[in-house]
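Please take a moment to look over the sequence and the model below before reading on. The paragraphs that follow lead from one residue to the wider chain.

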Amino acid sequence: MRIAVVIPCFKVKRHIEDVIARIGPEVEHIFAVDDACPEDSGGFIEKTLKDPRLTVLRHKTNTGVGGAVITGYRAALDADAEIVVKVDGDGQMAPELISQFVQPIAVGEADYVKGNRFYSGTAVREMPWVRLFGNAFLSFITKLSSGYWSIFDPTNGFTAIHARTLASIDLDKVSQRYFFESDMLIRLGDLRAVVIDIPMRAVYADEVSGLRVGRVMFEFLWRHLVATLKRVIYMYFLRDFSLASLNLLFGVLLLSFGIMFGAVAWSESVATGVPATTGTVMLSALPIVLGFQMLLFFASYDIASEPTVPIQRLRITRRIPMLVGSGAKTDDK
């Protein structure tokens with residue numbers, strides 16, 4: 001299959017030459033996107049490397065890692081690539097793993113493949129503790145917002161995607177900054193695409209990350225909360241309505257009623273000095289227990305409903321135009 005690699009370039013001049021040199025012959029196109037890099041990474045690449053597969057794309061203003069990758073994605077789709085791999089230019093990822101990342105897509109087992117740095121205990125111990133804590137926290141909330149309960153390490157930037165899946169995403173609406181990887185998972189979940197993890201180890205040396213956890217944490221939390229609410233409402237009340245929908249609805253109502261009634265009864269008991277009756281306690285405790293059990297049923301249903309049939313294997317019998325703004329052409333299947 002025709003494979004293209006996209007490399008966002010921003011302050012990666014020290015590592016980019018080695019990264020590109022290690023990309024194997026299985027790759028047909030390499031798109032290096034200079035995201036208004038102050039080191040002129042694009043100019044350095046053009047002067048230093050003579051790889052015929054290489055194309056340098058430039059941004060006049062910095063758009064962020066997501067904006068750079070989206071530019072590369074569009075170029076790859078225009079080049080008729082069938083699988084598009086994204087590799088960072090800072091040397092943390094091993095380009096030798098590209099063949100392993102594209103294999104599940106090539107054989108029709110997945111639509112999107114991403115790296116996972118948490119498979120190995122040794123690799124986890126080598127990870128800086130700030131990144132370890134941040135990624136563990138983000139992994140959990142991304143499970144809620146995307147519906148992919150079996151994946152981990154959502155901010156991992158080593159990814160591969162099938163061109164048909166990529167063309168189904170409206171790239172104009174994807175976040176262009178550090179939320180890019182998480183936003184891709186959320187939109188893939190909306191498409192019901194199959195996503196799998198590939199074990200990998202990251203190399204932490206002298207690269208400099210522009211991500212400031214404290215600065216983006218609340219933004220990430222808000223975005224994930226909104227995405228979770230949208231996913232639940234759309235999946236369980238608009239696209240479909242099932243027993244899980246009823247459990248979610250009544251579970252939230254019962255749990256909320258039990259907590260609020262219990263809080264009011266407790267405050268009255270404290271204020272008056274009169275102990276609450278057994279009936280009052282049960283009227284609070286029983287809805288809480290029932291509501292919690294209903295929410296557990298909903299959670300188990302949601303986990304079990306993770307997509308299993310790749311989009312690329314779905315047969316389409318008519319000509320379908322891809323989304324406007326995706327940078328893709330129409331496709332005959």
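Is Asp183 buried or exposed? In this predicted model, Asp183 is buried, with a relative accessible area of 7%. The side chain of Asp183 meets that of Arg187 in a salt bridge, with 3.3 Å from N to O, and Arg187 counts as partly exposed at 25% relative accessibility. Being four residues apart in helix 8 (residues 180-191), the two are separated by about one helical turn.

Other pairs join parts that lie further along the sequence. Asp34 and Arg58 form a salt bridge at 3.8 Å, N to O; Asp34 lies in strand 2 (residues 29-35) and Arg58 in strand 3 (residues 54-59), so the pair ties together parts that are 24 residues apart in sequence. Asp34 counts as buried at 4% relative accessibility, whereas Arg58, at 44%, counts as partly exposed. Both belong to a network of salt bridges that also links Asp40 and Glu46. Arg117 and Asp153, in turn, meet at 2.7 Å, N to O, in a salt bridge, and both residues are buried.

Turning to the chain as a whole, there are 11 helices and seven strands, and 47% of the 333 residues count as buried. The count of salt bridges comes to 15.

Over residues 316-333 pLDDT stays under 50. Where pLDDT is low, the predicted coordinates should not be read in detail.

Notes:
Residues are numbered from 1 along each chain as its sequence is written. This is a predicted model: local features need pLDDT of at least 70, side-chain atom pairs count only at pLDDT 80 or more; totals for chains, interfaces and linings use all residues. Side-chain values use heavy atoms; hydrogens and water are left out. Buried means under 20% relative accessible area, exposed over 50%, partly exposed in between (1.4 Å probe, protein chains only). pLDDT is the predictor's confidence in each residue, from 0 to 100. Contact means heavy atoms within 4.5 Å. A salt bridge is a side-chain nitrogen of Lys or Arg within 4 Å of a carboxyl oxygen of Asp or Glu.
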